[in-house]
Amino acid sequence: MTRIQIFALLLCCSFGSTFTHAGEIQVDINFPGGSAKVESIDQEKRVVTLSPTPHQGKGFVCWWYARISGLQTGETLTLDVGNAPWATPDQAVFSHNNESWQQTKPGLRTGKRIRYEIKVPAAEIWVAWGAPFLLEHAQRTVDLAAKHSFVEAIELCQTRGGNSTPALVITEAPESPERIGIWIQARQHAWESGSSWVCNGFVKWIVSDAPAAQELRKKALITVVPIMDVDNVQIGAGGKNQKPQDHNRDWSDEPHWKAVATAQVAIRDQDQNGNFDLFVDLHNPAAGDKHPYYFIPPKDQFPPIGRRNLKTFLEKSKEQITGPLSFKGRAIESGPKYDRNAWMYISKNWVATHTQDHVVAVTLETAWNTPESTVPNYEQVGRELGLTISKYFEQDRRSQ
Ligand SMILES: [Zn+2]
């Protein structure tokens with residue numbers, strides 16, 4: 001062996017562990033939430049073309065989430081994804097560890113497709129529509145919170161698909177007629193992973209030692225459900241408009257989905273005991289909605305006290321949800337004009353029409369298609385929702 005050969009060998013050995021070589025690109029979706037129909041892989045040009053896995057009858061075909069291996073650290077991978085608008089955020093996300101996510105640069109659109117270029121940080125990466133929030137995340141949210149003595153981890157229900165639906169009950173308030181009841185849920189639509197991150201931010205805040213959180217816990221019982229449609233989240237389906245009906249058109253006297261049925265019973269119980277005050281359903285909106293906003297029940301269905309309370313809640317939201325994802329006061333009624341046949345089976349409308357006059361029931365839509373739509377900023381909205389709620393309940397909202 002010549003000296004040059006030995007030098008080359010040493011160089012190779014000493015750096016061998018930090019270099020990976022471009023290999024054959026492989027795409028894998030065999031894990032919870034995985035979704036991708038691979039249309040082609042151009043090994044030479046390093047282009048993966050995919051679309052979300054279609055799931056017959058399980059709603060929008062928009063969520064995609066895949067592991068891509070056989071990459072070389074530092075190379076540029078092109079992801080070509082369709083279809084617009086629902087499956088094509090301006091910026092997708094990628095991760096080297098399936099845990100911390102960063103946005104891609106804005107993709108380049110051609111027709112209904114978009115191309116994201118990713119400077120690959122590792123030989124294996126995960127790519128997704130948005131930062132995933134799966135059953136394991138919901139369980140982690142619940143388990144971490146339940147380390148506090150004032151938090152009870154519960155199972156809302158077993159789903160039709162046999163999955164657990166983890167939830168939390170948080171209170172330091174003694175049982176009394178004055179105790180406030182609050183219900184916060186996310187993810188009736190499985191693809192809207194950002195709404196669960198908002199929920200996670202709320203949970204982190206409400207169990208924290210922030211003075212406003214402590215104060216709220218001392219007077220309220222707060223139930224939180226991070227994922228309502230666990231089954232579709234776990235198989236990577238979209239869920240919205242699924243058969244036989246959307247979770248958010250299931251709030252009838254005969255709900256199909258167990259999470260909805262169980263939530264209705266719990267909310268009704270609290271209301272009949274005179275202990276229910278606020279319902280917030282967390283969602284992500286359409287691609288063109290660049291700021292968080294609320295859907296509210298049709299105002300003409302309300303008695304004056306309900307209208308007054310809703311107005312106050314929206315004002316407090318504007319003061320507190322200041323961003324980067326900020327609520328600027330937009331509130332849209334979703335009554336008969338919004339969905340003539342099923343408006344009364346939308347969660348917040350069911351709550352508004354089945355509980356006492358003072359109760360506020362709203363849907364918070366947090367924008368997902370902006371450079372600010374990141375996990376920390378979603379969690380910030382959750383914290384600020386907590387502050388909104390604490391400000392709202394600084395006064396008695398039940399008296400006329
Ligand atoms: Zn939704």
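**Note on backbone geometry and cavities**

1. Pro85 sits in the loop between strand E5 (76–82) and strand E6 (93–95); strands (E, at least two residues) and helices (H or I, at least four) are DSSP runs numbered from the N terminus. The peptide bond from Ala84 to Pro85 is cis, with omega near 0°.

2. This is a predicted model, in which local features need pLDDT of at least 70, side-chain atom pairs count only at pLDDT 80 or more, and totals for chains, interfaces and linings use all residues. Residues are numbered from 1 along each chain as its sequence is written, and side-chain values use heavy atoms, without hydrogens and water.

3. Pro324 lies in the loop between helix H7 (304–320) and strand E17 (331–333).

4. Arg46 is not a glycine, yet has a positive phi of about 60°. Its place is the loop between strand E2 (37–42) and strand E3 (47–51). Arg46 counts as buried because its relative accessibility is 9% (buried is under 20% relative accessible area, exposed over 50%, partly exposed in between; 1.4 Å probe, protein chains only).

5. Asn98 also has a positive phi, near 65°, and is found in the loop between E6 and strand E7 (102–103). At 24% relative accessibility, Asn98 counts as partly exposed.

6. Domain 1 (18–128) and domain 2 (135–392) both give residues to the lining of the second largest cavity, so this cavity lies between them. The domain bounds come from an automatic or database domain assignment.
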